[in-house]
Amino acid sequence: MASMIRFRKLWYVALVKLSSQSLEPQKIEKKDEALISKVEEKPQRKRPRRQPKEWRCLDCCCWAIGYICTIWWLLVLLYSCLPSSVFQAPEPPGARLKREGLTAVHPVILVPGIVTGGLELWEGKPCSEGLFRKRLWGGSFTEIIKRPLCWLEHLSLHNETGLDPEGIRVRAVPGLVAADYFAPGYFVWAILIENLAKIGYEGKNMYMAAYDWRLSFQNTETRDQSLSRLKSKIELLYQTNGYKKVVVVPHSMGVIYFLHFMKWVEAPPPIGGGGGPGWCAKHIKSVMNIGPAFLGVPKVVSNLFSAEGKDVAYVRAMDPGVLDSQILGLQTLEHIMRVSRTWDSLISLIPKGGETIWGNMDWAPEQGYQCDSRNRVRLKTSVTENDTKKLGGGLEEFHILDDSAKYGRMISFGKDASRTVLAPLSAHRTKEAGDKNSSSTSRRACGEIWTEYDEMSWDSIREIADNKAYTANTILDLLRFVAPKMMQRAESHFSHGVADDLDDPRYSHYKYWSNPLETKLPDAPEMEIHCLYGVGLPTERSYVYKTSPSNRCKSIPFRIDMSADKSPDGCLKSGIYLADGDESVPVISAGFMCAKGWRGKTRFNPSGSPTFVREYRHKPPGSLLEGRGAESGSHVDIMGNVALIEDVLRVAAGATGAEMGGDRIYSDILAMSERINLKL
């Protein structure tokens, strides 16, 4: 038996020897017993698999560098193979016009608008240490991330005076750098300045009239003497450039700021500049108004009412936790509202002219406008004038559906209220709500009061929503109710009506000077007024609102109703009715005064200063190489529009509006203007 076992073991060892193909078989024979004993004690081990090599940080960096270098060389190869014209930027209009013989003739004054001008710190609270003469607005905006509450505190103005809070001084950045770029890589005036330089302009014949855009226009003179500095600079440029009249190029809110200046400079002191009648006729050749907001901007109403517009509403709809989360406690919109309601300049942009310009409950100058370009036909309203006259009495509303956009209803609570025929609103309803507000229990404030909404009662909030819809007239009553401190302060500097008699002595007050419907142009029959603006972009015109959840404290009680969508004419998108414009300013605000209000000799333009409408149809960039587009009609991007730059350069070089071809109109501004029944 033992021999049999020993035979099996020897046979197994032989098989192992053959499989390994050993070169020294004699050694195995001599030590077979030792090997057999080892086999008995433990089984043969399997050869371990090779483990994959672990990636180190250095390996990743090397591969990344390799990829970058490979892509770089491929791009270089592509660039060298393709024609140079594919990558070559188009020739700037300044270089082309210089080649045609255009040179600098008239001095140029640039007037920036709201938001785009830089602001720097001269004195601040302890939290602003290290920021002396650093930009708080415009530039890199790094301080927002580092110390956001401190940053907001220093951008706020005093809630009663509209001037500097105690211990804080923030001033406008001087010079051309004030508004050439809003942020790194985001141009405002830089492209226009560069093209002006190509035909001979420089510091001696070009000037940026920077001012603190947060202040009311008269307060820029009271605090900083900005209007006096502008007057002196225009006189200096006029004298040092061969007594050539100045070409003024204001943008956005800068348009009505300069309108205020033209009244101020000729008015007697102490409230005026003392230039006397004829100062503008002597010193100003043309006013090239870019993206003018002469009659206001509806989006300012939504900003003041709920601190939101189209972009903010979209963010809230996509991710409400970012703005509304109670856990995070960000209260972003509350902070924005608290700060922006101290900026009196925003009040200057509330729509002017009331229902005469912007329409009433059932009429607006844009009535019938089709936002869907595939079906741009005029709609006939389903409600006749006789139907409208039948409304009233004790009826709260008549549910007659009219699918066309009711642009005159700037704020509606609910989609139905924005389209159905409603009984005329009575202004006393908001006043009654104000009486209830003062006597009812206020909302929960949760400590510090961020906005004036925290002082309102829920009954008053519900009363506002029950009013259903608000027009350009009742919007002012609404804002006076929800923000009484702001409106009381700001309305001492601005007015939003239509003058019955411009010779009335009360219109000599500076609060009327920035409203083109309550003031006259200066006696300057040779001074040209140009309205240059983009068209073809959906622009905020009116809003559908809803109330916010009532179980929260320290919240804004109203918000845009993003669920209101898909109107038959395509104009209602995510709670916002859109009309033609440049994304910020509707056509009616930008073009009406040049198309009708000042056209010829009117009571608003008694000397008959020539007016011209120059529209620029928006065309999006064809590729990434075009950047923000050389044919953009957007409110800010239009500053890089080649056609607009060429128009400004030609006027600065001596051309008149008639020599450039007069009006160039793509929109329905003329038809809209004819629908407005305004005494001229």
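Which residue in β18 is the bridge partner of S542? The partner is Y577.

Before I continue, a word on provenance. This is a predicted model, in which local features need pLDDT of at least 70, side-chain atom pairs count only at pLDDT 80 or more, and totals for chains, interfaces and linings use all residues. Residues are numbered from 1 along each chain as its sequence is written, and side-chain values use heavy atoms, with hydrogens and water left out.

Helices (H or I, at least four residues) and strands (E, at least two) are DSSP runs, numbered from the N terminus. By that criterion the protein chain has 26 helices and 19 strands. Two strands are taken to pair if DSSP finds at least two bridges between them.

Strand β18 covers residues 576-581. On one side of the pairing list stands β15, residues 537-547, joined to β18 by 6 bridges in an antiparallel arrangement. Strand β17, residues 572-573, also runs antiparallel to β18, with 2 bridges. There, L572 stands opposite Y577. β17 and β18 form a hairpin with 2 residues between them, and S574 in the turn has a positive phi of about 55°.

As to burial, 6 of the 6 residues of β18 are buried, where buried means under 20% relative accessible area with a 1.4 Å probe, protein chains only. Across the protein chain, buried residues make up 52% of the 680 residues.

Finally, contacts, meaning heavy atoms within 4.5 Å: among those between residues at least 6 apart in sequence, 74% join residues at least 24 apart.

Note on methods:
Buried < 20%, exposed > 50% of the residue type's maximum accessible area, 1.4 Å probe, protein only.
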